[in-house]
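Here is a friendly briefing to read alongside the model. Please keep the sequence and the 3D view open as you go.

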Amino acid sequence: MPKKNPLDDIRLLIVDDEPDILETLEDLLPMCAISKATSFAEAKKLLETREFDLAILDIMGVDGYTLLEIARERGVIVAMLTANALSLEDTVRSFEGGAAYYIPKEEMINIEKYLIDIIEARQGKKHFWSRWLDRFNPYYEKRFGKDWKDHNIDFWKDFTHHF
C-alpha cells in the first residue's frame, strides 16, 4: 500500500494578491483542501469563520504580517511566501512573528516538500524551523553572501537552539 501523503486533506488557506500565484499553488497542492483569498479583508474573514491547518501568506499586497498575527491567534500554522519582501530583515520578522517557514516565490515549485517539513515537524514534536536552515542556507548564501546570518547574529544563534 503506498504511503499516505502527509498533506492529504490538509485544510489550507492561500493568500496572495496575484491570482496566477494562487492558481499555481492550487495546481502544486491538489491533495489539500484549499481556500484562496486575494485580499487582506477576504483572508481575514476566512480566518475568522473557517478552520485551517495551514496557511500560505504573501507579505506584500495583502498585509501578510497582520494576517500572520491573526492566523497564529487562531492556531493556524503559517508559511510566508514572498518575492518583493525577500530580505534578511523580513525573514527574521516572519520568524519572530511566529511563521513556521519563509519561502521565496522562486522556490514555490518545492512548496509540497516545505509543507511536508512543517507537518512532519508537528507530528514529530520538533520545532517547525528544524529543516528550514538545511533547506535554505545554500539559497541564502548565494543570494545574500556566506555571512548572511551575521546581519542578525543573535537571532540566528537563538534560532538554531530551537532544534
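Just after helix H4, glycine 98 has a positive phi of about 105°. This is a predicted model, in which local features need pLDDT of at least 70 and side-chain atom pairs count only at pLDDT 80 or more, while totals for chains, interfaces and linings use all residues. Residues are numbered from 1 along each chain as its sequence is written, and side-chain values use heavy atoms, leaving out hydrogens and water. Helices (H or I, at least four residues) and strands (E, at least two) are DSSP runs numbered from the N terminus.

**Positive phi**

- Most residues other than glycine have a negative phi.
- Aspartate 9, in the segment before S1, has a positive phi near 65°.
- Aspartate 9 is exposed, with a relative accessible area of 61%; exposed means over 50%, buried under 20%, and partly exposed in between (1.4 Å probe, protein chains only).
- Aspartate 63 sits in the loop between S3 and H3, and its phi, near 55°, is positive too.
- Aspartate 63 counts as partly exposed, at 39% relative accessibility.

**Helix H4 and its neighbours**

- The buried residues of H4 are Leu88, Asp90, Thr91, Val92, Ser94 and Phe95.
- Those buried residues pack against helix H3 (64–73), S4, S5, H6 and helix H7 (153–160), where contact means heavy atoms within 4.5 Å.
- The axes of H4 (residues 88–96) and H6 (residues 132–144) come within 12 Å and cross at roughly 160°; axes are lines fitted to C-alpha atoms, for helices over the stretch in contact, and angles run from 0 to 180 degrees between N-to-C directions.
- That crossing makes H4 roughly antiparallel to H6, a label for angles over 145 degrees, with under 35 being roughly parallel, 65 to 115 roughly perpendicular and the rest oblique.
- Leu88, Thr91 and Phe95 of H4 meet Trp132, Tyr140 and Phe144 of H6 in this contact.
- Five of the contact residues are nonpolar, one is polar and none is charged; Ala, Val, Leu, Ile, Met, Phe, Trp, Tyr, Cys and Pro count as nonpolar, Asp, Glu, Lys and Arg as charged, and the others, Gly among them, as polar.

**The sheet**

- Five strands make an open sheet with parallel pairing, in the order S2-S1-S3-S4-S5; two strands pair if DSSP finds at least two bridges between them.
- At the edges are S2 (33–37) and S5 (101–104), each pairing on one side only.
- On average, neighbouring strands are turned by 20° against each other, direction ignored.
- S1 (residues 11–15) runs parallel to S2 and is joined to S2 by five bridges, with isoleucine 14 opposite lysine 36 in S2.
- S1 is mostly covered, as four of its five residues are buried.
- Helix H1 (residues 19–28) lies across S1, S2, S3 (54–57) and S4 (77–82), and runs at about 175° to S2.

**The nonpolar core**

- Which residues touch the most other members of the largest nonpolar core? They are Leu7, Leu115 and Trp132, in a core of 61 residues; such a core is a set of buried Ala, Val, Leu, Ile, Met, Phe, Trp, Tyr and Cys residues joined through side-chain atoms within 4.5 Å.
- Helix H5 (residues 111–123) gives the largest share of this core, six residues.
- Leucine 115 touches Leu7, Leu12, Leu29, Leu54, Ile56 and Ala79, leaving aside residues up to four places away in sequence.
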